[in-house]
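Student: Hi! I have a protein model open and would like to talk it through with you. Could we start with how you use the word "contact"?

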Amino acid sequence: MYKLEVDYSPVYEFVTSLYYYVNKDRLKIYDLGSDWKKEVDQKLQSAFKEALKDKRMEILHRFSLLIHKCPGERTPENFIKWFEQLSTVEMYDCMRPWVDVIPMDMIDLHQHFVYLFTEWNEQYFKHIDPSILEALENDANEKRELIQKMGPVDIVEYSTNGIRIESEQIQKLLLVPQYHYAPLSVVDYYKGFVTCLYPIELQGNAPYISRRTITMFNSLSDENRILILKSLYAKPRTFKELTEITQLAKSNLHYHLSLLRCAGLIRAHHSSERVINYSLRIQQITTMQDRLLSYIKENE
């Protein structure tokens, strides 16, 4: 079984927030409101927004390994300073083993990301609500306490709301809380090392029901998703099996499965770098009534 380590620093959210901004228009599932990107766009300078359209931004999420290697106090400012001082050789070393799939002009890439990180910090990240970072740190501390009570696989499933990572090829898994990309998790594999950035939800003020609970109930509003749940009740199913059962296009099935997984109603069983099958989290379904009644009866 792999070794589980829970990590936290503001730099993870710094990079995740930029990754979310770059990918926002392609996402169909997100907790942040639809106006978030418009509000951020108003704060960003035109030249910087244009630079963020660079296709090389697709490797942003893989900087989680770089963050883990950063020495000292891992604030965005210190991370940028450390990153800027890395030599080309050190960059290659730090960014292995995915270096084969990124542009080989490492010097240009290095300078480009120094600029992007510096400007994102100045124009956006410095100004986010401090309570977000506080909530992330508190959640990481809570997950560390679970290490004495639960196995690594169960902690990952609990933290991600349904991703179950089981593989003898994995030696270490780094579990990191993130806010901007919620309710999705960001999982990357590095030849036996895995980073899993799991979503947290900030507590809202009563009488508002949590967005996560709304997602759970919304996930039942489509007949295809009900069919998927019914199919998984019998036994775990592969993606191919669910395609045959639902007769959905692959992209549509991916969306429905993602929504059900983010709602916590199904598990995605990972082995190495792929999902091998899906199963039903029957306990989550049986507690839906309790969640609804708890909200309705609040302050009764």
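Predicted model: local features only at pLDDT ≥ 70, side-chain atom pairs only at ≥ 80, totals over all residues.

Student: Good to know. Where is aspartate 139 in the fold?

Tutor: Helix H8, residues 130-146, holds aspartate 139.

Student: Is aspartate 139 buried or exposed?

Tutor: Aspartate 139 is buried, because its relative accessible area is 14% and the cut-off for buried is under 20%.

Student: And which side chain does aspartate 139 have a polar contact with?

Tutor: That would be lysine 143, with a polar contact of 2.8 Å between the two side chains. Lysine 143 comes up again at valine 6, whose contacts include Lys143 as well as Ala140, Arg144 and Ile147.

Student: Let's follow that. Where does valine 6 sit?

Tutor: Valine 6 belongs to strand S1, residues 3-6. Valine 6 is buried, at a relative accessible area of 5%. Leu175 is also among its contacts beyond four places in sequence.

Student: How far is valine 6 from leucine 174?

Tutor: Their C-alpha atoms are separated by 5.8 Å, while the two residues are 168 residues apart along the chain.

Student: Let me zoom out. How many helices and strands does the protein have?

Tutor: The count is 15 helices and 7 strands. The radius of gyration is 20 Å, close to the 19 Å from the globule rule for 300 residues, so the protein is as compact as a globular protein of that length. The C-alpha trace spans about 55 × 45 × 40 Å along its principal axes.

Student: What share of the residues is buried?

Tutor: Of the 300 residues, 50% count as buried. The accessible surface is about 15,600 Å², and carbon and sulfur atoms make up 48% of it.

Student: What about contacts across the sequence?

Tutor: Among contacts with a separation of 6 or more, 65% are between residues 24 or more positions apart.

Student: And how far apart are the mean positions of the charges?

Tutor: They are 6 Å apart, taking 37 positive and 41 negative charges.

Student: Why does asparagine 161 count as buried, and why does glutamine 247 count as exposed?

Tutor: Asparagine 161 counts as buried because its relative accessibility is 17%, under the 20% limit. Glutamine 247 counts as exposed because its relative accessible area is 64%, over the 50% limit.

Student: Now histidine 269. Which strand is it in?

Tutor: Strand S6, residues 266-271. Histidine 269 is buried, with a relative accessible area of 13%. Its side chain makes a polar contact of 2.7 Å with the side chain of serine 279. Beyond four places in sequence, histidine 269 is in contact with residues including Arg164, Glu166, Asn277 and Tyr278.

Student: Which residues does proline 236 contact?

Tutor: Leaving aside neighbours within four places in sequence, proline 236 is in contact with Glu241, Asn277, Tyr278 and Ser279. Proline 236 is located in the loop between helix H11 (223-234) and helix H12 (239-246). Proline 236 is partly exposed, with a relative accessible area of 42%.

Student: Last one: what about proline 76?

Tutor: Proline 76 lies in helix H5, residues 76-85, and counts as buried at 7% relative accessibility. Its contacts beyond four places in sequence are Pro10, Val11, Phe14, Asn121 and Phe125.

Methods: Residues numbered from 1 in each chain as written. Heavy atoms only, no water. Helix = DSSP H or I, 4+ residues; strand = E, 2+ residues; numbered from the N terminus. Rg over C-alpha atoms; globule rule 2.2 N^0.38 Å. Buried < 20%, exposed > 50% of the residue type's maximum accessible area, 1.4 Å probe, protein only. Contact = heavy atoms within 4.5 Å. Areas by Shrake-Rupley, 256 points an atom, 1.4 Å probe, with all protein chains shown as cover. Lys, Arg positive; Asp, Glu negative; His and termini not counted. Charge placed at Lys NZ, Arg CZ, Asp CG, Glu CD. Polar contact = N/O pair within 3.5 Å; in protein donor to acceptor, adjacent residues only side chain to side chain.
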